[in-house]
Amino acid sequence: MRLSKYLADAGIASRRKSETLIAEGRIKINGVVVQEQGATINIEDIVEFDGIRVGVQEKIYILLNKPAGYICSVYDPYDRPTVIELVKDIKSRLYPVGRLDLDTEGLLILSNDGEFTNLMIHPRYHINKKYQAWIKGHITTAALKNLTQGVELEDGLTAPATVTVLEQDQHSTLIELEIHEGRKRQVKRMCAVVGFPVISLKRTAFAFLTLDNLETGHYRHLNPQEIEHLYKMGSATTK
Ligand code: URA
(Lines give C-alpha, C1' and ligand atoms only; values in the text may rest on other atoms or scores of the structure.)
Protein backbone atom coordinates (compact mmCIF):
# COMPACT_ATOMS: atom_id res chain seq x y z
CA MET A 1 0.00 0.00 0.00
CA ARG A 2 1.21 3.52 -0.71
CA LEU A 3 2.48 5.22 2.41
CA SER A 4 0.30 8.31 1.89
CA LYS A 5 -2.84 6.13 1.66
CA TYR A 6 -1.82 4.23 4.79
CA LEU A 7 -1.40 7.51 6.70
CA ALA A 8 -4.76 8.79 5.44
CA ASP A 9 -6.46 5.51 6.37
CA ALA A 10 -4.92 5.75 9.82
CA GLY A 11 -6.59 9.15 10.24
CA ILE A 12 -3.28 11.08 10.40
CA ALA A 13 -4.14 13.51 7.61
CA SER A 14 -5.71 13.66 4.15
CA ARG A 15 -3.69 11.97 1.41
CA ARG A 16 -2.33 15.26 0.16
CA LYS A 17 -1.36 16.46 3.65
CA SER A 18 0.24 13.06 4.28
CA GLU A 19 2.43 13.63 1.22
CA THR A 20 3.59 16.90 2.78
CA LEU A 21 4.36 15.11 6.06
CA ILE A 22 6.44 12.58 4.09
CA ALA A 23 8.30 15.36 2.25
CA GLU A 24 9.00 17.06 5.58
CA GLY A 25 10.77 13.93 6.82
CA ARG A 26 8.30 13.35 9.65
CA ILE A 27 7.50 9.77 8.70
CA LYS A 28 9.68 6.75 9.43
CA ILE A 29 9.32 3.19 8.18
CA ASN A 30 11.07 0.66 10.40
CA GLY A 31 13.07 3.44 12.06
CA VAL A 32 14.23 5.06 8.83
CA VAL A 33 12.97 8.44 7.57
CA VAL A 34 11.26 8.05 4.19
CA GLN A 35 10.85 11.07 1.93
CA GLU A 36 10.00 9.59 -1.47
CA GLN A 37 6.39 10.16 -2.45
CA GLY A 38 5.98 6.77 -4.09
CA ALA A 39 7.04 4.84 -0.97
CA THR A 40 4.98 1.76 -0.19
CA ILE A 41 4.66 -0.32 2.95
CA ASN A 42 3.94 -3.92 3.80
CA ILE A 43 1.75 -5.26 6.54
CA GLU A 44 4.67 -6.03 8.89
CA ASP A 45 6.26 -2.57 8.57
CA ILE A 46 6.31 -0.24 11.54
CA VAL A 47 5.32 3.31 10.62
CA GLU A 48 5.97 6.30 12.86
CA PHE A 49 4.78 9.89 12.62
CA ASP A 50 6.87 12.35 14.66
CA GLY A 51 8.24 9.36 16.54
CA ILE A 52 4.83 7.90 17.47
CA ARG A 53 3.68 4.61 16.04
CA VAL A 54 0.79 4.81 13.62
CA GLY A 55 -1.83 2.09 13.55
CA VAL A 56 -4.66 1.65 11.09
CA GLN A 57 -7.78 1.71 13.18
CA GLU A 58 -11.12 0.19 12.31
CA LYS A 59 -13.15 2.62 10.25
CA ILE A 60 -16.43 3.69 11.76
CA TYR A 61 -19.40 5.38 10.10
CA ILE A 62 -22.32 6.48 12.26
CA LEU A 63 -25.68 7.96 11.33
CA LEU A 64 -26.92 10.07 14.24
CA ASN A 65 -30.28 11.79 14.70
CA LYS A 66 -28.87 14.94 16.26
CA PRO A 67 -31.02 16.72 18.82
CA ALA A 68 -31.06 20.52 18.97
CA GLY A 69 -28.70 21.92 21.61
CA TYR A 70 -25.63 19.85 20.64
CA ILE A 71 -22.67 21.42 18.90
CA CYS A 72 -21.04 19.71 15.90
CA SER A 73 -17.55 19.80 17.27
CA VAL A 74 -15.21 17.47 19.11
CA TYR A 75 -14.57 20.04 21.83
CA ASP A 76 -16.39 23.21 22.83
CA PRO A 77 -14.53 25.95 24.72
CA TYR A 78 -17.90 27.14 26.11
CA ASP A 79 -18.62 23.69 27.52
CA ARG A 80 -21.81 23.14 25.55
CA PRO A 81 -22.81 19.53 24.88
CA THR A 82 -21.14 18.13 21.75
CA VAL A 83 -22.47 15.50 19.34
CA ILE A 84 -19.53 13.30 20.36
CA GLU A 85 -21.16 12.88 23.78
CA LEU A 86 -24.06 11.15 22.05
CA VAL A 87 -21.77 8.37 20.77
CA LYS A 88 -19.69 8.05 23.95
CA ASP A 89 -19.84 4.27 23.94
CA ILE A 90 -17.80 4.17 20.70
CA LYS A 91 -14.18 4.05 21.72
CA SER A 92 -12.76 5.63 18.60
CA ARG A 93 -12.10 9.29 17.92
CA LEU A 94 -14.97 10.35 15.67
CA TYR A 95 -15.51 13.60 13.82
CA PRO A 96 -18.72 15.10 12.42
CA VAL A 97 -18.94 14.87 8.62
CA GLY A 98 -19.94 18.49 7.99
CA ARG A 99 -21.89 20.58 10.44
CA LEU A 100 -25.40 21.27 11.62
CA ASP A 101 -26.01 24.41 13.69
CA LEU A 102 -26.43 24.13 17.45
CA ASP A 103 -30.21 24.49 17.15
CA THR A 104 -30.59 22.30 14.03
CA GLU A 105 -31.60 18.69 14.45
CA GLY A 106 -31.57 15.66 12.22
CA LEU A 107 -29.30 13.50 10.17
CA LEU A 108 -25.59 13.80 10.89
CA ILE A 109 -22.83 11.38 9.94
CA LEU A 110 -19.83 10.84 12.19
CA SER A 111 -16.71 9.00 11.13
CA ASN A 112 -12.99 8.49 11.75
CA ASP A 113 -12.33 8.10 8.00
CA GLY A 114 -10.74 11.34 6.80
CA GLU A 115 -10.86 10.47 3.11
CA PHE A 116 -14.59 9.69 3.34
CA THR A 117 -15.25 12.94 5.21
CA ASN A 118 -13.49 14.97 2.53
CA LEU A 119 -15.49 13.30 -0.21
CA MET A 120 -18.77 13.97 1.57
CA ILE A 121 -18.25 17.62 2.42
CA HIS A 122 -16.36 18.92 -0.59
CA PRO A 123 -18.64 21.36 -2.47
CA ARG A 124 -17.55 19.84 -5.79
CA TYR A 125 -19.03 16.47 -4.94
CA HIS A 126 -22.69 17.52 -4.93
CA ILE A 127 -24.21 15.31 -2.28
CA ASN A 128 -27.90 16.15 -1.94
CA LYS A 129 -29.27 17.07 1.44
CA LYS A 130 -32.93 17.49 2.43
CA TYR A 131 -34.12 19.80 5.16
CA GLN A 132 -37.51 20.48 6.69
CA ALA A 133 -37.87 24.05 7.90
CA TRP A 134 -40.69 25.71 9.77
CA ILE A 135 -40.63 29.28 8.59
CA LYS A 136 -42.44 32.38 9.84
CA GLY A 137 -45.56 33.31 7.88
CA HIS A 138 -47.20 31.89 4.78
CA ILE A 139 -44.68 31.53 1.99
CA THR A 140 -45.49 33.29 -1.28
CA THR A 141 -45.15 31.97 -4.82
CA ALA A 142 -42.50 34.64 -5.49
CA ALA A 143 -40.39 33.48 -2.52
CA LEU A 144 -40.73 29.83 -3.58
CA LYS A 145 -39.62 30.73 -7.09
CA ASN A 146 -36.67 32.68 -5.72
CA LEU A 147 -35.54 29.77 -3.51
CA THR A 148 -35.93 27.38 -6.42
CA GLN A 149 -33.94 29.51 -8.85
CA GLY A 150 -31.14 30.56 -6.49
CA VAL A 151 -30.81 33.24 -3.84
CA GLU A 152 -28.16 35.95 -3.72
CA LEU A 153 -26.27 35.58 -0.41
CA GLU A 154 -23.18 37.51 0.81
CA ASP A 155 -21.03 34.64 -0.48
CA GLY A 156 -22.70 34.47 -3.89
CA LEU A 157 -25.71 33.03 -5.66
CA THR A 158 -26.95 29.67 -4.36
CA ALA A 159 -27.48 26.80 -6.75
CA PRO A 160 -31.12 26.03 -7.63
CA ALA A 161 -32.98 24.19 -4.85
CA THR A 162 -36.02 21.94 -4.92
CA VAL A 163 -38.67 23.32 -2.58
CA THR A 164 -42.00 21.81 -1.54
CA VAL A 165 -44.63 23.16 0.83
CA LEU A 166 -45.57 20.38 3.26
CA GLU A 167 -47.84 22.02 5.81
CA GLN A 168 -49.18 25.33 7.03
CA ASP A 169 -50.67 26.53 10.30
CA GLN A 170 -51.98 29.93 11.28
CA HIS A 171 -48.62 31.70 11.44
CA SER A 172 -46.05 29.44 9.82
CA THR A 173 -45.26 27.10 6.95
CA LEU A 174 -43.34 23.82 6.86
CA ILE A 175 -41.23 23.55 3.72
CA GLU A 176 -38.88 20.88 2.45
CA LEU A 177 -35.72 22.10 0.73
CA GLU A 178 -33.29 19.96 -1.19
CA ILE A 179 -29.85 21.45 -1.82
CA HIS A 180 -26.42 20.07 -2.63
CA GLU A 181 -24.24 22.91 -1.42
CA GLY A 182 -23.12 23.00 2.18
CA ARG A 183 -22.45 26.62 2.99
CA LYS A 184 -22.55 27.88 6.54
CA ARG A 185 -26.14 28.39 7.78
CA GLN A 186 -27.24 28.12 4.16
CA VAL A 187 -30.90 27.20 4.63
CA LYS A 188 -31.48 29.82 7.30
CA ARG A 189 -29.81 32.50 5.21
CA MET A 190 -31.73 31.53 2.06
CA CYS A 191 -35.07 31.66 3.85
CA ALA A 192 -34.24 34.94 5.61
CA VAL A 193 -33.23 36.61 2.32
CA VAL A 194 -36.57 35.75 0.71
CA GLY A 195 -38.36 37.17 3.77
CA PHE A 196 -39.34 34.01 5.67
CA PRO A 197 -37.00 33.41 8.63
CA VAL A 198 -36.56 29.86 9.88
CA ILE A 199 -38.14 28.97 13.21
CA SER A 200 -36.77 25.44 13.39
CA LEU A 201 -34.70 23.25 11.09
CA LYS A 202 -34.21 19.53 10.68
CA ARG A 203 -32.07 17.62 8.16
CA THR A 204 -34.06 14.63 6.98
CA ALA A 205 -31.83 13.17 4.28
CA PHE A 206 -28.18 13.02 3.24
CA ALA A 207 -27.70 11.47 -0.21
CA PHE A 208 -29.92 8.33 -0.12
CA LEU A 209 -29.81 8.09 3.69
CA THR A 210 -32.85 9.08 5.72
CA LEU A 211 -33.65 9.05 9.42
CA ASP A 212 -36.27 6.29 9.09
CA ASN A 213 -37.42 5.45 12.57
CA LEU A 214 -34.27 6.53 14.36
CA GLU A 215 -35.28 8.46 17.47
CA THR A 216 -33.74 11.83 18.28
CA GLY A 217 -30.43 11.35 20.10
CA HIS A 218 -30.04 7.78 18.81
CA TYR A 219 -27.58 6.48 16.24
CA ARG A 220 -26.86 3.46 14.06
CA HIS A 221 -23.82 2.21 12.13
CA LEU A 222 -23.94 2.53 8.34
CA ASN A 223 -23.82 -0.86 6.64
CA PRO A 224 -21.06 -1.81 4.16
CA GLN A 225 -23.37 -1.31 1.14
CA GLU A 226 -24.26 2.20 2.29
CA ILE A 227 -20.59 3.08 2.82
CA GLU A 228 -19.63 1.73 -0.58
CA HIS A 229 -22.51 3.58 -2.24
CA LEU A 230 -21.48 6.88 -0.62
CA TYR A 231 -17.86 6.34 -1.64
CA LYS A 232 -18.97 5.67 -5.22
CA MET A 233 -21.12 8.82 -5.26
CA GLY A 234 -18.20 10.90 -4.03
CA SER A 235 -15.67 9.36 -6.40
CA ALA A 236 -17.98 9.51 -9.45
CA THR A 237 -18.25 13.28 -9.20
CA THR A 238 -14.48 13.82 -8.88
CA LYS A 239 -13.73 12.38 -12.32
N1 URA B 1 -28.50 25.19 6.91
C2 URA B 1 -28.58 25.93 8.03
O3 URA B 1 -28.95 27.08 7.98
N4 URA B 1 -28.27 25.35 9.19
C5 URA B 1 -27.89 24.06 9.29
O6 URA B 1 -27.63 23.60 10.40
C7 URA B 1 -27.80 23.31 8.12
C8 URA B 1 -28.10 23.89 6.93
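Modeller: What follows is a short walk through the domains, pockets, aromatic pairs and cysteines of this predicted model.

Colleague: Into which domains is the protein chain divided?

Modeller: The chain is divided into domain 1 (3-54), domain 2 (61-122 + 212-236) and domain 3 (128-206). Between domain 1 and domain 2, the C-alpha centres lie 27 Å apart.

Colleague: What is the volume of the largest pocket, and which lining residues are the closest to its centre?

Modeller: The volume is about 750 Å³. The lining has 33 residues, and Gly98, Arg99, Leu100, Gly182 and Arg183 are the closest to the centre.

Colleague: Which elements and domains supply the lining of the largest pocket?

Modeller: At least two residues each come from α3 (114-121), β8 (129-136), α5 (186-193) and β13 (198-206). At the domain level, domain 2 (61-122 + 212-236) and domain 3 (128-206) each give at least three residues to this lining.

Colleague: How does the lining of the largest pocket divide by class?

Modeller: There are 15 nonpolar, eight polar and ten charged residues in that lining.

Colleague: Now the second largest pocket. How much space lies in it, and which residues line it?

Modeller: It holds about 280 Å³ of space. Its lining is made of Ser14, Arg15, Arg16, Glu115, Asn118, Leu119, His122, Arg124 and Tyr125. Two or more of these residues come from each of α2 (15-23) and α3. The element that gives the most is α3, with three residues.

Colleague: And what are its classes and domains?

Modeller: Two lining residues of the second largest pocket are nonpolar, three are polar and four are charged. Domain 1 (3-54) and domain 2 (61-122 + 212-236) each provide at least three residues to this lining.

Colleague: Next, the aromatic rings. What describes a pair?

Modeller: A pair of aromatic rings is described by the distance between the centres and the angle between the planes. In this structure there are two aromatic pairs. In one of them, the ring centres of Tyr61 and Phe116 are 5.0 Å apart with the planes at 80°, so the pair is edge-to-face. It links distant parts of the chain, with Tyr61 in strand β5 (residues 61-66) and Phe116 in helix α3, 55 residues apart.

Colleague: Are Tyr61 and Phe116 buried or exposed?

Modeller: Tyr61 counts as buried because its relative accessibility is 8%, and Phe116 is buried with a relative accessible area of 0%. Phe116 also pairs with Tyr231, at 5.7 Å centre to centre and 55° between the planes, and this pair is tilted. Here too distant parts of the chain are linked: Phe116 is in helix α3 and Tyr231 in helix α6 (residues 224-236), 115 residues apart. Tyr231 is buried, as is Phe116. Together, Tyr61, Phe116 and Tyr231 form one aromatic cluster.

Colleague: Last, the cysteines. What is a disulfide, and how many does a search of the whole structure find?

Modeller: A disulfide is a covalent bond that joins the sulfur atoms of two cysteines. The search of the whole structure finds zero.

Colleague: Are Cys72 and Cys191 buried or exposed?

Modeller: Cys72 is buried, with a relative accessible area of 2%. Cys191 is buried as well, with a relative accessible area of 0%.

Conventions
Residues are numbered from 1 along each chain as its sequence is written. This is a predicted model: local features need pLDDT of at least 70, side-chain atom pairs count only at pLDDT 80 or more; totals for chains, interfaces and linings use all residues. Side-chain values use heavy atoms; hydrogens and water are left out. On a 1 Å grid over the protein atoms alone, a cavity is a set of points where a 1.4 Å probe fits but cannot get out, and a pocket is an open set with protein on both sides within 12 Å along at least five of seven lines; lining residues have an atom within 4 Å of a point. Grid points are joined across faces, edges and corners, and a volume is the space filled by probe spheres set on the points. Helices (H or I, at least four residues) and strands (E, at least two) are DSSP runs, numbered from the N terminus. Ala, Val, Leu, Ile, Met, Phe, Trp, Tyr, Cys and Pro count as nonpolar, Asp, Glu, Lys and Arg as charged, and the others, Gly among them, as polar. Domain bounds come from an automatic or database domain assignment. Rings of Phe, Tyr and Trp (its six-membered ring) pair if their centres lie within 6.5 Å; planes under 30 degrees apart count as stacked, over 60 as edge-to-face and the rest as tilted. Buried means under 20% relative accessible area, exposed over 50%, partly exposed in between (1.4 Å probe, protein chains only). A disulfide is a pair of cysteine sulfur atoms within 2.5 Å.
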